[in-house]
Amino acid sequence: MSERATREENVDVVWSGDWVAERLGVGLEGDGELRELLGLALRRNPKRAHLLVSNVLGKHVPQRPSVVYGAGYGLGERVRALLGAEEARRAVVLGYAETATGLGHAVADGLRDAPYLHSTRRPVAGVRQAGGFEEAHSHATSHLLLPEDPALLAQGAVASPLVLVDDEFSTGNTVLNTIRALHELHPRDRYVIVALVDMRSPADRDRLTAFAVEIGARVDLVTRATGTVTLPDGVLERGQALVAAQEAEEAGPVHEAAGHAAPVTRVDLAWPVGVPDGGRHGFTPSHRAALEAALPDMAERIADTLGDGARQGRVLVLGFEELMYAPLRLGTALEDSLGPGTEIRYSTTTRSPVLAVDDPGYAIRTRLVFPAHDTPADGPGDRYAYNVAGAGFDAVVAVVDSTADTPELHAPEGLLAQLAAHTGQVLLAVVPSYTPTPVQEPAVLPEPLRGPDFSSYPPEDVGWLLQDLSDTELEAPTEEREEAIQSGGAHYAESLPVEYQPSAEYQALFSAALETSAARIARAVGTVTETVLAERGPRPVLVSLARAGTPVGVLMRRWARHRHGLNLPHYAISIVRGRGIDATALRWLAAHHAPADVVFVDGWTGKGAITRELAAAITDFEASGGPAGFDPEIAVLADPGGCVRTYGTREDFLIPSACLNSTVSGLISRTVLRADLVGPDDFHGGKFYRELAESDVSGRFLDTVAARFDEVAGQVEAEAKELLAADRAPTWEGWAAVERISEEYGIHDVNLVKPGVGETTRVLLRRVPWKILAKRGAGTDLEHIRLLAEQRGVPVEEVDDLPYSCVGLIHPRYTRGATGADGKAVAGGSTPAADGGAVKDA
């Protein structure tokens with residue numbers, strides 16, 4: 001046994017929560033074995049300071065597989081005794097991703113005959129969503145339910161108990177959200193909640209009792225231990241400060257890697273055909289029987305590949321995020337195969353960021369960091385393996401599913417290389433990712449929404465390829481959204497900012513700007529429309545990128561009708577940076593129009609992020625089997641960034657529709673894409689703010705600009721001819737400027753640099769601005785920018801050599817502590833940039 005392992009055996013008397021308890025005053029009280037079950041660590045998460053670290057879950061702390069499996073199986077036996085054998089046979093078990101997927105599966109085994117399903121954060125093509133819910137405090141919040149058989153959650157629901165399994169029951173919010181969502185679809189008479197520990201407050205216990213009465217169902221609770229966590233005032237802020245201090249001091253443990261990298265050997269498991277890799281799409285009793293029969297042979301294959309050298313040492317079976325059950329059962333089979341002479345441990349990798357401190361009184365001693373290797377839907381990011389480095393493992397058996405067996409896994413900085421530096425031997429065992437039978441394309445796609453039922457625009461002006469989420473609470477305070485977005489805890493499209501209500505002074509600025517710029521806008525509308533008709537005619541289908549593109553699309557449609565008598569179709573579609581375009585909406589367009597006739601329309605370009613996003617999204621859509629022929633080129637009113645070839649002007653001037661939000665865009669919100677609200681066959685979501693009708697200037701904006709069409713017709717004819725003959729190739733001048741500004745101001749993230757009048761306005765209305773860069777000598781186009789900046793306490797800095805009129809800088813690495821609870825910038829001092837350095841004085 002290694003020196004580190006021997007040292008740990010000698011300090012078992014030290015509770016692995018002492019370090020956090022002493023520094024933050026966090027108290028843990030409860031049943032006698034509570035401290036044996038749990039330790040404490042600090043999250044790198046803005047929503048919750050502490051992390052309860054289970055010693056029997058097999059996620060963060062390597063534990064004997066038989067102990068981990070026995071903990072879940074024993075809870076399942078208790079549920080079976082509670083329900084009785086007959087009712088247990090009708091039960092369905094639902095586990096929570098990512099932490100409780102293996103625990104829930106073991107509970108289902110303890111019930112013996114119950115099918116199992118776990119939630120997932122991995123969308124799977126061809127599998128229709130059967131439900132979803134949110135986990136508010138989690139690092140990644142959205143859960144999907146993707147059973148291969150949709151009847152799994154519905155068949156005999158009233159008489160079929162639903163058993164929900166999580167590792168801890170802290171407030172009950174996640175479970176209540178789940179039951180509420182599923183009960184509305186398939187009401188049941190009985191629910192059983194299972195957790196290793198129940199840490200609810202008395203108020204939360206009362207809330208569950210009241211909830212059961214509200215829905216008219218019996219709700220039972222089965223746990224192994226009960227206790228409470230005492231959190232002193234200010235613990236979140238103190239915890240974040242402590243994490244920052246530890247990381248700034250590089251307090252995280254550094255363990256010397258081996259002198260040479262260990263060999264990595266692939267082992268063929270001969271996984272049984274037709275058996276799923278876990279419960280993501282459902283796991284039935286027949287699957288269970290087939291897996292049990294195959295486990296001994298798979299364990300022997302691993303043991304033979306390990307060789308005699310590992311048989312007297314320490315071997316870690318390391319699972320992968322949601323893939324917990326398969327490696328757990330391989331671990332229990334290895335225990336049986338190798339016997340007591342080999343010390344087998346089991347844990348898994350995770351996407352949850354936790355501080356590591358090498359102290360016996362802290363639960364997370366070491367941390368390995370490596371890039372995600374399963375092409376996650378929410379984009380690339382770091383992943384972690386805790387308490388593996390320095391633990392003295394003679395061999396590590398890394399178990400992943402085939403979806404995660406990617407070049408990133410095998411890269412020099414990938415998981416396998418990280419493991420090879422800290423052990424003597426690495427085995428890679430790949431479980432084939434289960435592929436459900438694809439769901440057939442629905443015969444009827446959703447229909448577009450139109451005014452006056454959805455938006456204040458006349459029905460002929462635009463058809464919204466969106467679903468109506470007007471009755472869903474989606475708004476969050478600007479500062480809370482910014483913190484969640486920058487911390488990686490949420491995507492900006494999962495919520496909406498609270499709608500900005502302009503002051504009388506600001507509304508007066510909008511009115512003055514509209515009167516001043518109406519003719520200029522009319523010229524740009526006419527020029528871009530004539531260019532589109534000349535190059536994409538004779539009857540293009542206008543498809544605006546909601547929502548900034550929608551007023552422009554309506555104006556282009558009105559120009560074509562006014563000047564040429566054309567009645568062009570016009571739709572609004574959602575595209576989300578980092579997530580792509582609405583594929584269901586594209587399928588709808590292809591079913592009703594020729595894809596080649598579609599012209600995508602937007603208001604303006606900034607640095608060209610949406611231009612790139614659209615091109616990539618169309619490529620991915622076609623590669624996934626979607627109808628081909630869509631041209632990803634965007635037509636815009638203004639292209640100050642030099643990002644497109646079809647535009648009305650390349651001047652960066654004030655387009656008044658950028659000054660406001662929904663009240664100049666038909667009272668429609670920005671679009672929403674959240675897994676629990678938008679299924680694979682749904683349009684993205686949006687809200688109709690009917691309550692803001694008295695403030696609506698959407699029609700006034702359109703009518704004021706359209707009234708100038710005849711006045712500018714001659715200029716438009718000349719400018720369109722000139723443009724059609726000119727070299728309009730994108731220069732990407734704006735992108736280069738953004739990269740320069742990002743580095744010059746120490747931000748190191750181009751997504752936090754928003755160039756141009758339109759994008760700067762959005763920063764001031766929706767995000768947490770840090771400062772505004774204004775081109776020296778810029779005139780009246782920036783009056784509303786200066787007013788908004790003054791209202792939010794944001795400095796405006798005059799600069800030279802700016803290709804835009806202005807640039808908005810979002811506060812880098814935003815936390816409410818950096819700017820104050822009201823979101824106003826801190827005057828003076830310096831602010832930490834995304835790389836931990838400092839940016840220029842605010």
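1. Helix α4 passes α11 in a left-handed crossing (the near helix turned anticlockwise from the far one by less than a right angle; helices are DSSP runs of H or I, at least four residues, and strands runs of E, at least two, numbered from the N terminus). P65, S66, V68 and Y69 of α4 meet Y325, L328, R329, G331, T332 and E335 of α11, contact meaning heavy atoms within 4.5 Å. By class, the contact residues are 5 nonpolar, 3 polar and 2 charged (Ala, Val, Leu, Ile, Met, Phe, Trp, Tyr, Cys and Pro count as nonpolar; Asp, Glu, Lys and Arg as charged; the others, Gly among them, as polar).

2. A word on the basis: this is a predicted model, where local features need pLDDT of at least 70 and side-chain atom pairs pLDDT 80 or more, while totals for chains, interfaces and linings use all residues. Residues are numbered from 1 along each chain as its sequence is written, and side-chain values use heavy atoms, without hydrogens and water.

3. Y457 sits in the loop between β17 (426–431) and β18 (463–464). Is Y457 buried or exposed? Its relative accessible area is 3%, so Y457 is buried (under 20%; exposed is over 50%, partly exposed in between; 1.4 Å probe, protein chains only). Y457 and G699, 242 residues apart in sequence, are 7.2 Å apart in space, C-alpha to C-alpha.
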